[in-house]
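Q: I have not seen this structure before. Can we go through some of its features one by one?

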Amino acid sequence: MLHFTNVRLIDPEALTDAPGSLTVKAGLIMALGGEPPARARLIDCGGKCLAPGIIDWGVKVGEPGERHRESFRSAGLAAAAGGVTTLIARPDTSPAIDTPEVLEFVTRRAAEAAPVRIRHMAALTKGREGREMTEIGFLRDLGAVAFTDADHVVADTRVLARALVYARSLGALVVGHPQDPGLSRGTSATAGKFSSLRGLPAAPALAERIGLDRDLGMVELTGVRYHADQITTARALPALKRAKANGLDVTAGVSIHHLTLNEFDVGDYRTFFKLTPPLRCEDDRLAVVAAVADGLIDVICSMHTPADEESKRLPFEEAAAGAVALETLLPAAMRLYHAGALSLPQLWRAMALNPAARLGLPQGRLAAGAPADLVLFDPDAPFLLDRSKLHSKSKNTPFDGQRMEGRVLATFVAGKQVHGESL
Amino acid sequence: MTFRARHLLGIEQLTPEDIRTVLDLADRYVELSRRTIKHSDALAGMTQINMFFEASTRTQSSFELAGKRLGADVMNMSMAQSSVKKGETLIDTALTLNAMHPDLLVVRHPASGAVNLLAEKVNCAVLNAGDGRHEHPTQALLDALTIRRAKGRIQRLTVAICGDIAHSRVARSNLILLGKMENHIRLIGPPTLMPPGISEFGCEVCDDMAEGLEGADVVMMLRLQRERMDGGFIPSEREYYHRYGLDAEKLANASPDAIVMHPGPMNRGVEIDGELADDINRSVIQDQVEMGVAVRMACMDLLAQNLRADRGRKATGGVYV
């Protein structure tokens, strides 16, 4: 039994950030406030923050196929160090997680190797090729929490309609990547002055809205439960708002990088800033931050995508896209907090409460009876990020060498400490 | 003299003074190149490697000749048939070459930014001979020299750049250079061949040729980049020639003493009328080729001077001598 005292409790449900205490028993949160029970181990938190562990939706782990980039072990350690207690893995592996056999394999590997909880999404179509739906029923029975082809867009609307109707009949959640496949094919930047100056092939920001509009039409057609993985542009927001107002079962996420960086950060062809979708202009970034604040965008995720040095040390167009972020998600989110853009409870609503609720997980809340998946952190602790110190096997972070604030002091999964100095 | 750059990666990094320094020196190299004995020792003993990842005849031979006239040992590497085909990465190729101690590395590559990446990994002067759709700085400088010699100045001119702007590094570099030198720039071409965000570059954009050429002092034609066309930018070559090909009739809209330029190689009958291209009263296309060698001599001379000074400083422990 643990009793945290002298602590700032970040409650994303009540949207409060207030001093208090919290008791953990048998892997669950037993009580908030109140006196320490007899025999409980007292943990004086020195006024630091205690929040639900982060639920990071959309993490690429390199198993199967690319274990040299990231294994369940290394991803799990990085997650624990970053205050992430549940990571939702993507199926864009090699081969894709598109059969019950592969799903069983990764489920077993993840449980053996990682100190945090790992849940899996499965592919929506076989091989993520957009031709035939996967065995959604079997995969769901084996615990797939959602179905997605990750950054592959199912271009054939007939195939998509069938997969979505089938998924709806099972109550399965489908995650889409709103992007027009034609406009974005072969591009590595957002169209505008910057991409033209750098001579990079670019897709217009509106390609996202066009993709989202199509997906929302498909949701209306099929009635499926739908989540857009990343909404990163201002002009996609009204479409999302309208869909929610019309009662479609739709939610949306955004990656931490699109909330904290813009296209100018690419600078002189820095490939660690090459992402999918590409970084946007500053106006888009501000609009998306505001959409998280007012709840239009539901989820903040890391879009953790490990890439090794070889695949990044190439000309920008040829380099791999994506960045590691399990460990930098929380300190990067603190930039938004310190800038006054989002409060801590608002951040945890998007990083824990909403993703858990959408995926049907019992975590993400500070409430009696909820699993004691917790992160203790100091939002003000400054440090210089050194990518060689990251736990991920791949070190492709855009924050390398940057000043950050916000350090994870301890991470707990089911009441058991999995990271930090012994308290 | 103000030219302090270590590499020539783009016009973007140059100041107007840098540009003038290059052009002034290039003027002297034009004179040298017109003599029977066209030799200087500016690069004597130095090694120049031309590394072309994209096929090129004109630019590569221009750089080769420039290096030889300055006394450098010049080696050409045609990367299209080399270890790159065997899967070697750009960085590894650069490191391999670096171990051979070149002093000047001239690079052309199909990807934007590839030359910048390479410049970070080698300890010699790198000259960008064209990277993707990004920059082609020596082309813009030779165009500037041609204009300055024909018009007597490189300021306050109205310059029309016509054709496939979107895929053109020549347009990109010229746009930056002519902007830095305070000229009025018009871009003419079908909207499908205009890069996004172009209106923010401080130039006029026209999709009508006659309107765009109105009163222009310089008409710069671009090659229709057939090999870059992944389809569907224009309906057909004949419609393109009809609307955007330069002929005497369209040129009549420009200033009566306007000069016609083209970076070559030309597609006669696609973007420019064959007779007009050969009209010695209007076309300066052959001059551009001549200026090309002189400008490249000037750039390599200046970079070599900086390289020597840099190495001298290192040899004396960072003390300026």
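Q: How many bridges join S3(B) to strand S4 of chain B, and do the two run parallel or antiparallel?
A: This is a predicted model. S3(B) and strand S4 (residues 125-131) of chain B run parallel and are joined by 5 bridges. One place to look is B:Leu105, which stands opposite B:Val126 in S4(B). Between the two strands the chain passes through helix H4 (residues 114-119) of chain B, and this β-α-β crossover is right-handed.

Q: In which sense do strand S1 of chain B and S3(B) pair?
A: Strand S1 (residues 47-52) of chain B pairs with S3(B) in the parallel sense, over 5 bridges. Here B:Asn50 is the residue opposite B:Val106 in S3(B).

Q: Which residues point each way from S3(B)?
A: In a regular strand, side chains alternate between the two faces of the sheet. From S3(B), B:Leu104, B:Val106 and B:Arg108 point one way, while B:Leu105, B:Val107 and B:His109 point the other way.

Q: How many residues of strand S3 of chain B are buried?
A: Of the 6 residues in strand S3 (residues 104-109) of chain B, 6 are buried, and the strand is mostly covered.

Q: What is the nearest side chain of opposite charge to B:Asp143?
A: That side chain is B:Arg296, 8.2 Å away. A salt bridge needs the charged atoms within 4 Å, and the buried B:Asp143 has none. B:Asp143 belongs to helix H5 (residues 137-151) of chain B.

Q: With which side chain does the side chain of B:Asp143 make a polar contact?
A: The partner is the side chain of B:Gln288, at 2.8 Å. Leaving aside residues up to four places away in sequence, B:Asp143 touches B:Val170, B:Asn174, B:Met220, B:Met261 and B:Gln288.

Q: Where does A:Pro95 lie, and where does A:Pro277 lie?
A: A:Pro95 is in the loop between strand S7 (84-89) and helix H2 (100-113) of chain A. The peptide bond leading from A:Ser94 to A:Pro95 is cis, with omega near 0°. A:Pro277 is in the loop between helix H9 (256-260) and helix H10 (282-293) of chain A. A:Thr276 and A:Pro277 are also joined by a cis peptide bond, with omega about -10°.

Q: Is B:His101 buried or exposed?
A: B:His101 counts as exposed because its relative accessibility is 64%, and the cut-off for exposed is over 50%. B:His101 has a positive phi of about 55° although it is not a glycine. Its place is the loop between helix H3 (90-98) and S3 of chain B.

Note on methods. Residues are numbered from 1 along each chain as its sequence is written. Chains are lettered from A and ligands numbered from 1 in the order in which they are written. This is a predicted model: local features need pLDDT of at least 70, side-chain atom pairs count only at pLDDT 80 or more; totals for chains, interfaces and linings use all residues. Side-chain values use heavy atoms; hydrogens and water are left out. Helices (H or I, at least four residues) and strands (E, at least two) are DSSP runs, numbered from the N terminus. Buried means under 20% relative accessible area, exposed over 50%, partly exposed in between (1.4 Å probe, protein chains only). Lys and Arg count as positive and Asp and Glu as negative; His and the chain ends are not counted. A polar contact is a pair of N or O atoms within 3.5 Å; within protein, one must be able to donate a hydrogen and the other to accept it, and residues adjacent in sequence count only if both atoms are side-chain atoms. Contact means heavy atoms within 4.5 Å. Two strands pair if DSSP finds at least two bridges between them. A crossover is right-handed if, with the strands pointing away from the viewer, the path from the first strand over the helix to the second runs clockwise.
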